Structures are given as structure tokens and as C-alpha cells.
Amino acid sequence: MESGYEERHLLLEHQRHHPESPMHAGARRGSWRACVLILATELSETLAFAGIARNLVSYLTGELQESNAGAARDLSMWTGTCFLTPLVGAFLADSYWGRYTTIVVFMSVYIMGMITLTLSASLPTLWSMGLRRAVVYLGLYLVAFGTGGIKPCVCPFGAEQFGGDDAADPAQTAAKASLFNWCFFCTNIGSMLASTLLVWVQDRVGWSPGFGIPAAVMAVALAIFVGNKRMYHGIHDQKPRGSPLTGVCQVLVAAARKRGAEFPSDDVAILHDKLPDGYSHRMEHTNGFKFLDKAAVVVPGDVAHASPWRLSTVTQVEEVKTLLRLSTTLPTVIFFFAVTAQMSSTFVEQGAAMDTRVIGPLSVPPAALSSLEVTSILLCIPAYEAVLLPLARRITGDGRGLTQLRRLGVGLALSTLTMAYMAIVETKRLAAASRGVSVSIVWQAPAYLVLGMAEVFTSVGLLEFYYDQSPDAMKSLCTALSLVAVAAGNYLNSAIVAVVAWATTWIPQDLNQGRLDCFFWMMAGLSGINLLAFICSSMRYEYREKC
């Protein structure tokens with residue numbers, strides 16, 4: 001009894017004098033306490049991003065005197081850049097800095113951009129128009145660069161708080177799945193606050209506080225994030241191993257150099273299965289993409305030279321196979337975001353041709369219905385966590401409830417149904433217009449609500465899928481690819497609309513003279529084909545084995 005007391009006393013003394021030791025830190029770091037701070041960082045970033053994006057056209061046309069076409073063009077270019085820079089931030093996080101340092105550095109750049117925008121709106125009489133325009137675009141692109149290190153790193157860093165990638169605890173697995181839901185929830189909370197309160201401040205109070213408030217919120221969030229560094233798990237546990245793209249190239253080069261090598265009857269036995277330096281666990285050999293296995297075939301002279309450009313390990317080969325498997329799902333997800341892009345384009349155009357009165361004389365702008373999508377997301381995520389997820393876990397026995405690919409499939413199916421519903425609504429609207437009657441814009445509400453549900457399944461499922469299935473050295477990079485899918489979907493939608501406008505008269509200036517219903521039916525049909533392609537692809541997908 002006495003010796004046990006002495007042991008506990010010595011342990012407490014050690015923890016008091018060495019707070020950073022594993023004995024002490026392991027009990028304090030990670031879990032939901034740390035994730036709350038990480039999610040707050042995500043919310044502050046979304047508040048600032050949406051606060052700019054939602055009203056940037058008004059700022060450019062009203063304050064900088066740009067044309068409507070020029071402002072729309074500049075907004076599109078800036079938004080596209082914001083969804084491409086995550087590739088840069090993810091590369092730096094995976095290759096050199098780690099996620100924590102990347103978030104801190106890029107968030108600092110982001111705040112500098114917000115301060116620059118605030119200065120551009122302060123005391124405008126002190127600036128010439130040319131100088132003011134230069135300051136505005138400097139601030140905008142500092143923000144675009146800053147967001148590139150936050151978007152791809154926040155969710156993966158949050159997932160690290162529940163243990164490593166090979167954690168066997170079912171509770172930790174379930175917690176990671178919930179984290180991606182709540183990360184998306186915080187994103188939409190920030191978006192809603194920006195679309196309501198922040199836009200109101202910009203329009204009614206002024207642009208200086210409209211930009212200054214989110215800048216201050218981000219500065220406070222960064223201070224809290226850095227000030228609680230000791231709470232985070234995984235900052236020093238996994239050191240970046242250099243550029244993951246180098247390893248991919250080494251496997252491809254080694255496989256090409258040995259393209260003439262033959263496999264003995266026992267393929268796996270002669271593959272180089274040594275665990276590479278810096279790796280925490282090995283990946284099991286799989287049979288797909290067999291041509292890549294030749295990079296790991298041991299031939300005379302390989303062991304002596306051990307050049308990574310000539311001989312790869314099974315784990316390195318399997319990482320490349322994993323990337324190829326992930327790439328098969330990306331085209332179908334891109335089309336999903338082409339469908340959701342309709343909410344800011346054809347849905348708004350259709351709403352403008354409808355009766356916008358909702359209650360008596362009270363009318364709503366067509367674009368305002370997009371708030372229903374955000375509302376749907378904010379309601380569906382808690383409902384998914386409280387009702388659907390426990391039910392799915394009992395039925396499937398999987399800690400995640402629905403598998404990631406099934407979750408993606410549900411979202412794709414809902415988006416297909418939405419396009420078919422909007423085609424029916426447009427047919428009804430055209431028939432009423434031919435009789436001189438207007439159809440209420442309320443008929444659009446179910447489409448926004450269902451697409452919000454679809455995003456809960458697909459957008460969140462995509463983030464979780466790419467994080468969980470990506471190689472350890474490419475977590476942030478693969479998360480960035482899921483964000484690039486959003487930009488690619490918007491570009492694809494622009495291309496589809498441009499082709500339809502060139503080849504048909506479905507979407508004229510006066511929709512009563514067009515056939516927007518045909519466009520919606522076309523999108524529903526393409527969505528159905530896309531869903532079938534996804535089902536075929538997912539049935540062949542082999543989930544990554546971890547050991």
C-alpha cells in the first residue's frame with residue numbers, strides 16, 4: 001500500500017515538473033475538447049470567407065465603380081482561386097510543415113488580407129481610385145492564399161485528435177465520423193451568419209466594420225488556437241516525410257523500368273515488403289493495378305543498390321494504388337457539384353419568373369431561398385447524428401453507420417430526384433404562364449431543402465472518405481482534392497450551360513419563351529447516368545486495409 005502511494009506521488013511530481021511528457025500529455029491532449037477549438041477556427045474562417053463572397057459584387061460595383069459583368073468575372077476568378085489554393089496548403093502540410101503549423105501560418109496571412117480589405121474601406125477619400133483598387137485586390141488574394149492552408153487542414157487535424165489512423169477503438173472511429181458532420185455544420189453556421197448579420201452590417205453600417213468584424217473574430221480565434229497548443233494531439237507525433245508526390249513518381253519510374261520483369265508463381269513472396277523509413281505501419285498487398293507491383297519486384301542487384309527509383313516497397317506501391325482508386329470516384333462527385341451549382345444560377349432565374357409573394361404581400365428575392373438549403377443542413381446534421389446514425393449502426397454493425405460510399409450514393413440519388421422535381425415544377429410554371437397565371441415561388445422550397453440533405457450526405461461523406469482512405473502522407477492533399485471537386489463542378493456547370501445556350505433555345509432571356517424544363521430533365525437524366533456510374537465504380541472499390 002505504501003509503495004503504491006509512493007508511485008502515485010512520484011508520478012504526480014513528474015507530471016507537475018514535466019507537463020509535456022507523454023505520461024501527462026496523453027491524458028490531456030486530443031478528443032472533443034481540442035476539436036471544439038479547431039471547429040471554432042473553421043467557423044471563423046467561413047464567416048470571413050462568406051462575408052466577402054456573399055456581397056463582393058456590391059462592393060466592387062458600388063465602391064470601385066466596376067461594371068456588373070466585370071464584377072461578376074472578378075468574383076468568379078477570386079472564388080475559383082480560393083478553391084485551388086488548398087492544393088498549395090495541403091502540399092506544404094503533408095510535405096514539410098504539418099497541419100498545425102500550416103493552419104497557423106496561413107491563418108496569419110488570411111488575417112493580413114482581412115486587415116488590408118478593412119483599410120481599403122476606411123477613409124476612402126485618402127485613396128485614389130487606382131490605389132484603392134490595388135489595395136482591395138491585394139487583400140482579396142491574400143485571403144485566397146490564406147484559405148488554402150485552412151480548408152484542407154482543419155478537418156484532418158481535428159480527426160487526429162481521436163488517435164492515429166490505425167486506432168482500433170470503435171468509439172474513436174465513430175467520433176471521427178461525427179467530427180466531419182460537425183465541421184460541415186460549423187461551416188454552414190458561419191455562412192448563415194455572414195449572409196444575414198454580416199451582410200446587414202456591410203449594407204447598413206459600412207464596409208469598414210463589415211470587413212473589420214470578421215478580421216477581429218479570426219484574430220481572436222487564432223490567438224485561442226495557438227494559446228491552447230498543449231491540448232492538441234498529433235502536432236509532433238507524425239513528422240512530414242517530404243513531398244508525397246516524389247514517392248508517387250518513384251513508384252511509377254520503378255514500375256516502368258521493370259515492365260519486362262516476370263512474376264514467379266508466388267507473387268507476394270518476392271515483393272519488397274520492408275517498411276519504409278518514416279512510416280508507422282505497412283499496407284497489405286492488393287491485387288488491383290497489378291502493373292504497379294513490378295516496382296516492388298526484387299531482381300538481382302536491387303537489394304545492393306536499394307535505389308528508391310528502382311525498387312519500391314509494397315507499402316509505397318499500395319499508396320499509389322489507393323490514389324488511383326480514389327480517382328475513380330472523383331468524376332461522379334464533380335457532377336454532383338454541377339447540380340448544386342444550379343441553386344445560384346437556373347434556380348434563381350426560374351424564381352425570378354415566378355410569383356415571389358409568400359405570405360400576403362410579403363415577397364422574397366429569388367436568391368434568398370438559398371437560405372433554405374443552409375437551414376436544411378443545420379437541421380439535418382443534428383438529426384443525422386441523433387436518429388439516423390444510431391439506427392444505421394444497429395442495422396449495419398458499422399461504427400460509421402453508413403459506409404462512406406453508400407453515404408455518397410444517397411446524396412447523388414437525392415440530387416437526381418431534385419432535378420426531376422424542378423423539371424416538373426417548370427412544366428407546371430410554363431403551363432400556368434401560357435394562361436397568364438403565375439406559380440408561387442414556394443414550389444421551389446422542397447428543391448432547396450432536399451439539396452441541403454444531399455449535401456449532408458455527399459459533401460460530408462466526401463471529406464470523410466478522402467481523409468480515411470488516403471495514404472498517411474497525403475491526408476491534407478486528398479482533402480484538398482475533395483475541395484477542388486467543388487470548383488470543378490462549378491466550371492462544369494458553366495460549360496454545360498454555355499453548350500446548351502449555343503445549341504438550343506431552352507434558356508432565353510424570357511423563360512416563358514424557353515424550355516427550362518428540358519434543361520432540368522437533361523440534368524436529371526445525366527445525374528441518373530452519373531449515379532449508375534458511381535454505383536458501378538463503388539461496387540469495384542476495395543477499401544484500404546490498415547495494419
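This is a predicted model: local features need pLDDT of at least 70, side-chain atom pairs count only at pLDDT 80 or more; totals for chains, interfaces and linings use all residues.
Biologist: What makes Glu 63 and Arg 132 a salt bridge?

Modeller: Their closest N and O atoms are 3.1 Å apart. The cut-off is within 4 Å, so the pair counts as a salt bridge.

Biologist: Which parts does the pair tie together?

Modeller: Glu 63 sits in the loop between α4 (56-62) and α5 (68-84), and Arg 132 in helix α8 (residues 129-147), so the bridge joins parts that are 69 residues apart in sequence.

Biologist: Why is Arg 132 called buried, and Glu 63 partly exposed?

Modeller: Arg 132 has a relative accessible area of 5%, and buried means under 20%, so Arg 132 is buried. Glu 63 has 26%; the partly exposed class runs between the buried limit and the exposed one, which is over 50%, so Glu 63 falls in that class.

Biologist: What makes Arg 99 and Asp 94 a salt bridge?

Modeller: The closest N and O atoms of Arg 99 and Asp 94 are 3.8 Å apart. That is within 4 Å, so the pair qualifies. Asp 94 and Arg 99 are also linked with Glu 160 in a network of salt bridges.

Biologist: How do you know that Glu 318 and Lys 321 are separated by about one helical turn?

Modeller: They are three residues apart in helix α14 (residues 314-327), which means a separation of about one helical turn. Glu 318 forms a salt bridge with Lys 321, with 3.1 Å between the closest N and O atoms.

Biologist: Why is Lys 321 called buried?

Modeller: Its relative accessibility is 0%. The limit is under 20%, so Lys 321 counts as buried.

Key. Residues are numbered from 1 along each chain as its sequence is written. Side-chain values use heavy atoms; hydrogens and water are left out. A salt bridge is a side-chain nitrogen of Lys or Arg within 4 Å of a carboxyl oxygen of Asp or Glu. Helices (H or I, at least four residues) and strands (E, at least two) are DSSP runs, numbered from the N terminus. Buried means under 20% relative accessible area, exposed over 50%, partly exposed in between (1.4 Å probe, protein chains only).
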